[in-house]
Structure formats: structure tokens, C-alpha cells
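Biologist: I would like to learn how to read strand pairing, ring pairs, charged pairs and nonpolar cores in a model. Could we take them one at a time, with the general idea before the case?

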Amino acid sequence: METHVRAKQCLRYVCISVLSSFVICAVSAVTHYSIPEEMEENSVVANLAVDLGLDVKTLSKRKMRLDIIANKKYLEVKKETGELYILERIDREYLCSSKTTCYLKLEIILENPVRIFNIELEIMDINDNAPNFRRDTINLDISESTAEGERFSISNAFDPDIGTNSIKTYHLSENNNFDIEIQTGRDGSKFADLILKKALDREKQPVHNLTLTAVDGGIPARSGTASIIVRVLDTNDNAPQFDKEQYTINLPENVPIGSLVVKLNATDLDEGTNSNIMYSFSLYTSEKTQQTFSLNPSNGEIRIKEMINYEDFRIYDMEVIAKDKGTNSLSGQCKITILVTDMNDNHPVISIKSFQSPLKEDVALDTVIAVVSVSDKDSGENGVVDIHIPNQLPFELKESSDNYYELVVSQHLDREKVPEYYITITVTDRGSPPLSDNETIVLELLDVNDNVPQFSQSFYTIPVMENNAPGALLSSLTALDPDLHENQYLVYFIIEKEIVNTSMSMLFSINPENGNLYALKTFDYEIEKEFLFHIEARDSGVPPLGSNATVHVIIMDQNDNAPLIVSPWRAHGFVVEEKIPRSTDKGTLIAKVIAIDTDSTQNSRITYQFLQNTDATLFSLDQYNGEIRTMRMFSYRDARHQRLVVIAKDNGEPALSATVTIKLSTVETALKAYSDMSEVPLEYDIFSDLNLYLVIGLGSVSFLLLITILVTIVLKCQKPKPSKAAAPCRNSVISERNSTIADSTLVSNDAYWYSLFLAETRKGKLVVRQPVPKGARYIVSSIPRSTGPTETSDSAASTLQVRYKSPVV
């Protein structure tokens, strides 16, 4: 026994030395060691610190630990020396009962930084088990009519050792009738068949006692024996025969219990009880097979008795005996090989080995945030796994070693868009149907000051009604910063700008906390129409970031100026007196009312209406240009004096207005003012006695022709000379119309004339342009351009000029 122990120790140290040398020389992601089973506790396997190139002094600080995958902890690591030693005695037969190779997969995990080393520890078999027969006594009944060469299955021996330490051969005790033939199974196991080499004679020897010895190949060899008792039976000369001698069946794993595998059929040509067949497993069939499958002895049906797992057992070999019920029963045999096909019944497994969270949003690309490992117990395509994460995530998986992956940052992260990521790592095998597993990790991002405050608009237009109250809130100009905490706190201020020696801070103020903009003074549209300046929003980050926006404050006009009537000119009070001939035709322009309003847009648009009209059928008023025209010719019934009251009203809300009263007196003689025709044709009575008045008519025509020539000459001589005044300045008011206007003058003390005033007549327009400096006095005059009696209404025009005088200092 001591010699045996010493031999084992020598073998152990030799193996360790050889494999350590191999590990040092090899360059691989997995470190391999081999040790024999049954090593004593605390035996040193290897020095991992030396083999893996680690600093022994840092092993404790780096929290070195050992993980054994899918097994109990047989080994441990000394952190002080880095040595891997046996923690508990290892029995290979217990650990890997049905496998030819036995490995323990280990992981050495270090932190700061994280490193993982894969170690495979092969457990070598030693010859510590002797062959053992399942039955100590094997009883065989053999008919004397059995032909030579007949083969009989006998119980095989079982040796849990593997390789050379398993059963090598069988020996049969010497005899004259029997011999054995050794067969080798698919897994290398040895089986012995008993062969009849010489016909039996029951009368000579009814019982044959044989001894079968099984010997393994270990050094030293071990053996086990069983007794074979052969009873020679009387003749039953027809043995049952199966349809086929060999059956090969492909059976998927996880078939439901009770499912039919195959129905065997054997026939016997004998009659009576010698032809009744019973089916049974031969002794060649292993106990594992008999535990998994059931055989109906009467009909030969083989069914599933317990669940089949491809990962546990892949091939089942069985032998079925069909035996008749004759006095000397005969039997036939067939071999059945059941090949278990793999089903994708094992889900892949994912394991998070390392994970780093939270993380700053400006982390560099390719930063490793997690290390994961994957595995699948299935084989072939069913055991090949694919790992992935959702495509829309800014991360990717990179394979670092066999079945180990690193999750790295592949795109720049932005906490303002996504504050945290739920990263689902999914592994899927390639089976049909595929199976999968997933693991979700939550990555939290920390904020950095990487966002400039943003106004909702880069340009703000703020309308403000004139005459506003000082301190009134104009608008709230807020900006947004998607950062957090101090990176989000904003301060608002106005960028200083001077307008006519006035600082913007004297006109407007902004709340530094919320961006509310206030007016510090009352604005007058007639003086100030708009302001343009910039505001800035700046966060409190380090360094601070800011942005600005342009503010355009537009002063809105209020209807605070009433219309001013500038024509016709009123010398005294509000009444204008005019004279017109009674022979005035229909549609003749009698007068034109012109009013101006210093407000703008709708507030300056003026319409004209009659407040009072002596005869509503005689005069019409154009509501847009203020022209008063006759609607018909005067009759003898019409009063000589007509009173017209015209109101000029603006379009403001509420509307403001001004009125003018025009008194018209009709005269019998033609007047040149407000007439569309320069001459009024005379009407002659036609004498009934043509002969009597022919001479008088000719004389009158001649007289009238002479008078006309004289009047024309006089009127031409009286035509006023053109004014030598300077051309109208930019502040002039010009009016063109298709009739002359009585000369009138109006003096105005208004401070400003604004914008554009348009009063259209049928063939002319009135234009009021830029304002005159504050304090000037406006003089509005209407000067006829031509008063000649021969001018028609189509050519007549007048100019309304506006002049201003500076105030006397």
C-alpha cells in the first residue's frame, strides 16, 4: 500500500512539472493543468502568480478570488504565495462518471484593474477500481441441439476507471465446449460473448461450471470474476428469429415518457408453447439503458421510461432476446442502437462579470463599461450563441476572448438627450427554434456643462402700445439650458447700447432671474417708433456658457390725435362761405374737404360724411377724397343759400373727428371757381318768325364772338405769374385734382406730421411726407396752378404746399 501511494505521489509531481513547463511556454487565453485524482488535501497544484505573471504582493489588494464553474469547490488559492492547492480530495469517477475526459474549469478574477484568467484543470484517472460483474453467478440454459459457434451474451464487468485503467480483456476457465469472444463497444468498453465451440451432450454433462475473469489494463492490473453455470436443455430445435438482426433508431431528446420507440417482432416455427415468445433485455444491455427504456415482454414494444437528455447520454446500445416457451426454450437476439439527437432544450446563459455606472456623459469612445460571459450546454449549432444589444444604442460588444465580451462606448453620449440607458444584452443560440436569454443593466450618465442656453427665438419682435405705463411688463424672454444644477441656472442681462446719448438700461430693464423685460418710461409713437438691442442669457457652469437674442421693440400707434381739416381754409371760426353759379352742371366739383391725421395706419385713414345737408338731392360727398359735387342742376325751387356740414372721421378705436361748415350761395353770373368748365354756353330763345329775327341773330353772333375774344384777352392778362418760391421741400404736401381750389391758408402748431397721407381724387393725389422738427409751425396753403377761363377741367390742377417756420427764440 505504501509503495502504491509513493508511486501516485511521484506520478503527481511528474505531471505537475511537465504541465507547468507547458503552461509557461504556451501562449493561450486558457491555462491548462493536469493532476491525478485522489491527491491529498493541501497538495500544491501550481503557482499561479508565476505562471500568469502576477505580482504576489498585489494579490490581496486586487482581491484575487477563484471561481469553479458548475462544480463544488475542490481547490483554493493562497493569496500570500499565489499557489493553487487541493482543498478537498477529488474522485474522478464521482466527478465525471460517464466521460472519458474530466475537466474542472476555473476562473481567476482580479480587480483594479479587472482581469479574468481561464484555467482548465484536467483530472487524470488512476487505477483505483477493480472490475466488478453485475452478477456473481450467470446462469445459462443451452439446448443440446445448439449448433456449434452459437453465441451467448453474458453479463459484462464494469470498471469505473477509464482508458488503460478500464477493462482490457476477459479470460474463461479452461473447458472443452466453450470459448469467449471479446467485443469492443463504441465507447471503448469491452464485452465478452460465450461461444459454443463444441456441441453439448446433456447426457454426458448436464451442467458446465465456468469461471469468467475480467482484467483491467492498470499497473498493477486489477481483476474480478463471475461464475457461469450452463445448464444443458433438451432439444427445442427452432429458435425465435427477429425481422432484423440490427436496428438503428434516431430518437430526439426530451421525448415524452411512454412514447413508443420501436415494436420488435420475432417468429418461431415451432408450435404450441415452443412458439410462444417472451421478449427481454439481454445481459448485454446496461442498467442505464434498462432504466431509460421499458420492454413489453409479450408484444416486443420498447417505450420511453424516463426523460432522455442528449447532454447526459447520446447513444444507447441494447440487445433484446426473444425466447420461446418450449420445454427447452430457444431464443433469438437482435441488437438495437438508439442515437439520441440533440434538441435545443438548454437556454444560453449570460453572466455580468463587471459593470461601471454612473458615467460622465463626455466619456471617451471605446471605454469599457461592462464585461460579460456567455455559455450554452447544447452541442453543435444548438450550442453556438450570438450576443447582441439593440442597434439604436451608442454601445457595441467586442469579443475579448472565447465567450467573453466587452461592452464599449461607440458613440458620443449626451445626457440631455438620454439621461440613462437600459441596456439589454441578449444571447441567442442557433438552434431551431432558437432559445435566448437576456440581462438588462442600467447605465446612469452624469452631467457636464456642454450646452449653451438657447432662446426660443433668435429675434424677438415685441409690439408696445404708446402711452404705456412706466414699469409695465413687455414680455418674458426666457432661455432653456438642458444641463443640470449649476450648469442650468441662468442669469439674464441687457447688452449695453446707447441711442442718442441714452443708455438702454435707462429705457428697459430685465429681471436677471426669469428674463422678464420691463419698460422704464412712457413711449410716444410720434417721437420714437422702435428700439433694437440685444439680451444675453449665461449659465453658472465652469466655464460659463451664454447666448444672446435680438429684441426689436416696436411702438404701436394709439389713436390719440384727431383729424385736422386743412382745406377749405377757414378765415374765421369753422364756417366757409362760397359762391357758385346757378347754372352749374350736374357733377360739377363744388368744394373739396382735406383733412390730415398725424397718427398712422388705420388711425390716420379718414372718411368724410355729411352731418348736415340742406338738400340731400342736390349735393354728393365722396367719403374717401372729400369732393363735394352737384348731383343735378339747380332749379328755381332750390334755395339760394345752402348749408353743408362735413365731418372728417379717422378709423381709430374710438374714432376721432373734426367738422367744417360750408355755406354756398348761388349767383346768376358764372364764377370760375369750383367749375369743371371754363365757359357756360348761353341759351337763346328761338324766334318763331325766322325771317323777322334772321338779321338780329347774325348780328348777335358777331357781337358775342367779339365779346368772347375780348373776355379771353382780359383773362389771359389777369393770369397770375408763377411763384418764385423754392421748389417744394421734402416736407411739402402736394395735391393734384381735376379742378381749381380757392386759395386758402392754414397755420398749424402741431409738433409732428408723420408717415404718409393719401387723399385721392379721381385724377390726383395728396402726399404728406416726413415730419418737420419739433416746435416748427406749419403753414398749409392752396395755390391755384392756373385760373385761365379757357382751361378745361381735364387740365386744371392746383398745388397744396406746406411750409414751416422755426420758432422764434
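This is a predicted model: local features need pLDDT of at least 70, side-chain atom pairs count only at pLDDT 80 or more; totals for chains, interfaces and linings use all residues.

Biologist: Let us turn to the rings. How many aromatic pairs are there, and how is the geometry of one of them read?

Modeller: The count comes to 13 aromatic pairs. One reads the distance between ring centres together with the angle between planes: for Phe 242 and Tyr 279 these are 6.1 Å and 55 degrees, and the pair is tilted. Since Phe 242 belongs to strand β17 (residues 241–242) and Tyr 279 to strand β21, the pair ties together parts that are 37 residues apart in sequence. Phe 242 is buried, with a relative accessible area of 11%, and Tyr 279 counts as buried at 7% relative accessibility.

Biologist: Why is the pair of Phe 508 and Phe 531 classed as it is?

Modeller: The class follows from the planes, since an angle over 60 degrees counts as edge-to-face. The planes of Phe 508 and Phe 531 stand at 80 degrees, with the ring centres 5.5 Å apart, so this pair is edge-to-face. It links distant parts of the chain, with Phe 508 in strand β41 (residues 508–510) and Phe 531 in strand β43 (residues 530–539), 23 residues apart. Phe 508 is buried, at 1% relative accessibility, and Phe 531 is buried as well, at 5%. Ring pairs also link Phe 508, Phe 523, Phe 531 and Phe 533 into a cluster.

Biologist: Now the charged pairs. How many salt bridges does a search of the whole structure find?

Modeller: The search finds 22 salt bridges. For each, one reads the separation of the closest N and O atoms, and then where the two partners lie. Between Asp 125 and Arg 92 that separation is 3.3 Å. Asp 125 lies in the loop between β7 (115–124) and β8 (132–133), whereas Arg 92 is in helix α3 (residues 92–95), so the pair ties together parts that are 33 residues apart in sequence.

Biologist: Are Asp 125 and Arg 92 buried or exposed?

Modeller: Asp 125 is buried, with a relative accessible area of 15%, and Arg 92 counts as buried at 0% relative accessibility. In the salt bridge between Asp 447 and Arg 415, the closest N and O atoms are 3.1 Å apart. That pair links distant parts of the chain, 32 residues apart, with Asp 447 in the loop between β33 (436–446) and β34 (454–455) and Arg 415 in the loop between β31 (404–409) and β32 (420–429). Both Asp 447 and Arg 415 are buried. The side chains of Lys 521 and Glu 528 also meet in a salt bridge, at 3.4 Å from N to O, and Lys 521 counts as partly exposed at 29% relative accessibility. Salt bridges with shared partners join Arg 92, Glu 93 and Asp 125 into one network.

Biologist: Finally, which residues have the most contacts inside the largest nonpolar core?

Modeller: In soluble globular proteins, nonpolar side chains tend to be buried together. Here the largest nonpolar core has 30 residues, and those with the most contacts inside it are Val 45, Leu 48, Leu 75, Ile 90 and Leu 104. Among the elements that each supply at least two residues of this core are β1 (30–36), α2 (48–51), β6 (103–110) and β7. Leaving aside residues up to four places away in sequence, Ile 90 touches several residues, including Ile 35, Tyr 74, Leu 75, Leu 104 and Ile 123.

Methods. Residues are numbered from 1 along each chain as its sequence is written. Side-chain values use heavy atoms; hydrogens and water are left out. A salt bridge is a side-chain nitrogen of Lys or Arg within 4 Å of a carboxyl oxygen of Asp or Glu. Helices (H or I, at least four residues) and strands (E, at least two) are DSSP runs, numbered from the N terminus. Buried means under 20% relative accessible area, exposed over 50%, partly exposed in between (1.4 Å probe, protein chains only). A nonpolar core is a set of buried Ala, Val, Leu, Ile, Met, Phe, Trp, Tyr and Cys residues joined through side-chain atoms within 4.5 Å. Contact means heavy atoms within 4.5 Å. Rings of Phe, Tyr and Trp (its six-membered ring) pair if their centres lie within 6.5 Å; planes under 30 degrees apart count as stacked, over 60 as edge-to-face and the rest as tilted.
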